[in-house]
Amino acid sequence: AYLDSRGLDQKVIRSFGLGYAPDHWESAREYLKSRGYDDKQLLDAGITVENKEKGRIYDRFRNRVIFPIIQPRGLVLGFGGRVMDASLPKYLNSPDSPVFNKSENLFGLNLAARVRPLEYLILAEGYMDVIALHQFGFSQAVASLGTSLTEEQARLMRRYASDIYIAYDGDAAGQKATLRALDILKEAGCRGRVILFPDGLDPDEVLKRYGPEYFRKLMDRSQAVREQY
């Protein structure tokens, strides 16, 4: 019901493998231990956390919509979780683990990498922006994972496409992050273009309010030179 209220259809929910972590302390732990995993493995993977003072191990994600972070070969590396109420933090990501490093991976790249020909990538800020872009036909969208764009992520994008459209939020924080991303993309050998959104909106809001054709026009008007921005 929550995903439906955010305007997501069943096709995109299945494509991204979206799910839910129940509002219980040990649902994932109990299930995975019944499948043969031990507490050390679950702690190393970041699925559970340990309170050493209380001697207790419990699930990291509780009562959250879950976004699997999947690499292009299809392996799940980690998860992002969004609360459905006013709890904080609003978004929670898996910590770095033996198989996952936030600075070296991109959300949505597993789907964007399937596009042929992949002439460009669209870099958004968060999970919901990427999912909305895919739902509206922009399957080239990816996002960094709760952090500013890193040099490793820029080099990863360069392996797939050299033209990168930056679709960060139109607010002050988004503009600041855009300037930094332009420099990082240039260093990685990418051509960064900035999509300017009206009224401080983000891509999800623009698509739902104005539709994909309007978004396409914003892409066509995007600015390629840092000084112009």
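I started with the largest pocket, whose volume is about 380 Å³. A pocket here is an open set of points on a 1 Å grid over the protein atoms alone, where a 1.4 Å probe fits, with protein on both sides within 12 Å along at least five of seven lines. Its volume is the space filled by probe spheres set on the points, which are joined across faces, edges and corners.

Before going on, I noted that this is a predicted model, with local features needing pLDDT of at least 70, side-chain atom pairs pLDDT 80 or more, and totals for chains, interfaces and linings using all residues. Residues are numbered from 1 along each chain as its sequence is written, and side-chain values use heavy atoms, leaving out hydrogens and water.

Next I looked up the lining (residues with an atom within 4 Å of a point). Of 19 lining residues, Tyr-91, Glu-125, Gly-126, Tyr-127 and Asp-129 are the closest to the centre of the largest pocket. I found that α6 supplies the largest share of this lining, three residues. Helices are DSSP runs of H or I with at least four residues, strands runs of E with at least two, numbered from the N terminus.

Then I turned to the core. Which residues touch the most other members of the largest nonpolar core? They are Phe-107, Ile-122 and Phe-215, out of 37 residues. Such a core joins buried Ala, Val, Leu, Ile, Met, Phe, Trp, Tyr and Cys residues through side-chain atoms within 4.5 Å, buried being under 20% relative accessible area with a 1.4 Å probe, protein chains only. Helix α6 (residues 127–135) gives the largest share of this core, six residues.

Conventions: Buried < 20%, exposed > 50% of the residue type's maximum accessible area, 1.4 Å probe, protein only.
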